[in-house]
Each structure stands twice: as C-alpha cells, then as structure tokens.
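Colleague: Please present the model, and then let us discuss its surface and its contacts.

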Amino acid sequence: MSRLFSLAAAILIAVGVAWRTSGHSTQHRRRGLNHLSLDPHGFPHSEFCVQALAAGVTLFAFAAAERRKNGALSSSQLLPAAEVAILFRYGNRHRDREAWKQTIGRLSAKKFRKRFKVSRARFNIICNLIAEDVEPDDIGKYMAWVSSKSHISAEVHLAVTLRYLAGSNFSDVEDIYGLEESSIYKCIWKTLKALDRRLQLCDFNPWSLSTCARLAEKMWHRSKFTMAGCIGALDGMAVRICKPKASDTDNPKHYFNRKGFYSMNLQAIADADRCFLWFSLATSGGTHDSLAFRLSNLGQQLTKRGLPPGYWIAGDDAYGITEWLICPYSTQSCRGHPARDHFNFYQSRCRINVECAFGMLTERFGVLRRPLKPSLAKVSLIVSVCLKLHNICVQDGIARHDPLSKDVRPWDIFEPIPQDVVSYVPRDLKKRQKSNLRQKLCDDLAKKGFKRPNKVEKPRRRRGR
C-alpha cells in the first residue's frame, strides 16, 4: 500500500512541477526544481498545478505514515516527509490561538466560573489531567507550527468544550479561539472522550454499609431529621434530541415521548447534596421510567440483591414499590388515612433532591436545553460529561472529596435495547405492592407527631378603586 501511495505521489508531483516550469518565462524554467526549496508563495499561481502538488504531497505523507506503522520508518525519518507535505500548504493564515488568554485573564473569578462553569483552579487541574489525551504528538505540533504557527493546546480544547456545553454558539467560539468549524467539532469530541475517561462520577457502592450510612446521614439532615435510612433519590429526565436517523435505530418513533418531542430516557440517583451517584441513558424517550430503571444494570442487580436492611431509595409513583425502593402512597389509598398523607409529604423531601439536581444540571449546561443533533452514542457522551462536571461544580462549593480520577468506572452508557421491549409498560409494574419498610416509616412518623404543615392562606388584597 505504501508503494502504491509513493508511485501516485511521484506522478502527481512530477505533473505539477512540469506544469509550473514549462508554461512560464525562461527565468522560471531556469529555477526548475531548485525553486522548491524557496517560499511556496513565490510560485506563480496555477489552479491545476496547485491541486496536483497538494494531492501528491498528501499521498506522499500517507505513504510515509503507512511505512512508519509497519515499522519501516522511524519518527525522525517521518519529519522530512512532514516538511514536504507542509511546504505546499500555502494560503493558511497564521492563527493567534493564545490571544484568548489575555481576555480570559482579565475576567474575575465569578465571571470565569459563569462562562466555563468551573473555577480557574479547577480548570487548570482538569486541563493537566487531559493534556496527554488531547494535545498532538511532536510531529503533529511541528506540522501545526509550520502550517499556522501554533497548535491547538489543551487549554483551548477544554475551553472550547466547556463553552459548547454551556450553550455557546459556534460562531462565537470560532472568533475567540481562532478555529474553523471543522476543527471545533474535532476538539469537542476529542475532549469529551478524554473527560469521560478521566473524570469519575462518584464512589457509589449501594451494598457497602459504610457508604449507605454516610449517604443516609446526609439525607437525614436534609429531611430535617424525619426520614431515616434514605441513601438517595431516583427519578427520570427526558433529554431532548432531534429525530434519530435510520442508522441509529430501527424505529425512531419509540424516541417520541408523551410530552410531544424526541428524547432519551435518563435515569439517575442523586444524594442530599444534589450530586449524581448513578445514571443510565440506555432507553428511548418513549420508555416508562419504571421499565427504564428495571432494564439498567443497577436495576437488575438491586432486583436480585436488594439493599442492606433498613436502607432504601426514594422514588415517585412511577416506580413499583419494593423493600429497597420506597414510593409514596396513591391518592386513593390516602383517603381516610391521614398518616399516609403525612408520610407522602416527608417522603417528597427526600425525593425532591434529584429533581433539584436535574434543574441545576439543565441550568448550568445550556446544551441540554435544546435538542441535541449528534448521534445517540454521542448524546450519551455529552450527558455523561455534563453529569460529572456537575458533581465537580457542586462539590467545589461544599468542599467535598475530589472526584477526579484516572480510573475508568463501568457506568451505564448507551446500550441499544430491543425495540419490542421498550415500547410498553408490563402489567406487573403497574400493580401496587405492599412494603413493610414503608409501613414502618409511616408508623414512626405518626409516633413522633410529624404532620403535613397546614396551608396558610394569605389574605387577599383589595383592589383600590
């Protein structure tokens, strides 16, 4: 393959050089091939020879890269080939990609966090963490320097990605950071993959007694010392997407939810600090929340193993009640039982934390407030990075443990579910079952005298004549 590339490159380069040297004055013909060592801007412009030379040197670079991949060419021997490939890349303007640092450097800490959603110190930490994943190697830096006098640094990669997640427009990013639209897309996806690989969501092990005790204590304080044993709150959110392509799914109609738009079903568990402990984005938007959770890896494991005795997760009435997933009483069952109505009120104090976490997430990252156009796999990548960055923002504010880690966590990502499974809700999930733990919690609240606060009606103001 490398020999074929070299032969085609030699033919195209010869045609381009012959066209240049034969159709011009004697002074140019005397220069011949020696003119190749001079500035490429000195050549007389001809569209045909430019295309021939560009195609030739590109194939020559491919041939050199192919030989290096096979071990026939070392990195030091590839640099001359890079010089030849770069020589004819005239017309590329020199880009000042470091000018944005002067503008950003004048921002206050509050404005910096408003634009990039993280503090300046955290920005530098994350930048150092992903530098080896996003920055080019020595050959790439050399080719970028010859072409545009600068390469795209890790700071630019991270800044562009954070502005994209914050909801910025591509035209603004292009003007500030000196990047073309194609380079912006490459920077974003490369950085998102690096962030997803390097950042850790949270150290959540629901079968560890120490983890359950720590999470339950925080929720105990958040609920004002009323609900004991709750380690987190479970709920679902519809992530807006554009209509899926035929290459992503067999039936795009399954992604059209009951609210009237295309989406993917995000299932997540949040703690008392509104940090996400777990998430799953594996089902379409038309899937019921209860079924989406049952189909996730954590849902299947909890169905088999459950939680340690006395610990539970708060959910809304969309989920089926178990001994480890406590849901509120239905409106019909609360009639004639005021204690159940009181329980629903205090149970909602635990459940509201995940709803607040979803609100903070969409408020912080504007990319989630509009329909996402990328493929379904890339949508999962965007949501995963947003959740992890959300935890960083929250934990920086409350001075908790550092969530940055180089370890890869096996969280749920986009896994296609059979379409005949996600389009309906099984009847057994709709049945209301009894839970001894829920009845015990309800009785404890009644013994302690906790009741739903009475609604205080504000006096209406009389309209002045």
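Modeller: The protein exposes about 25300 Å² (Shrake-Rupley method, 1.4 Å probe), and carbon and sulfur atoms supply 52% of that area. This is a predicted model, in which local features need pLDDT of at least 70 and side-chain atom pairs count only at pLDDT 80 or more, while totals for chains, interfaces and linings use all residues. Residues are numbered from 1 along each chain as its sequence is written, and side-chain values use heavy atoms, with hydrogens and water left out.

Colleague: What percentage of the residues in the protein is buried?

Modeller: Buried means under 20% relative accessible area, exposed over 50%, and partly exposed in between (1.4 Å probe, protein chains only). The protein has 465 residues, and the buried share of them is 45%.

Colleague: Where is Tyr262 found?

Modeller: Tyr262 is in contact (heavy atoms within 4.5 Å) with residues including Val239, Pro252 and Phe256, leaving aside neighbours within four places in sequence. With strands taken as DSSP runs of E, at least two residues, Tyr262 is found in the loop between strand S1 (230-240) and strand S2 (263-270).

Colleague: How far apart in space are Tyr262 and Leu372?

Modeller: In sequence, Tyr262 and Leu372 are 110 residues apart. In space, the C-alpha to C-alpha distance between Tyr262 and Leu372 is 9.8 Å.

Methods: Helix = DSSP H or I, 4+ residues; strand = E, 2+ residues; numbered from the N terminus.
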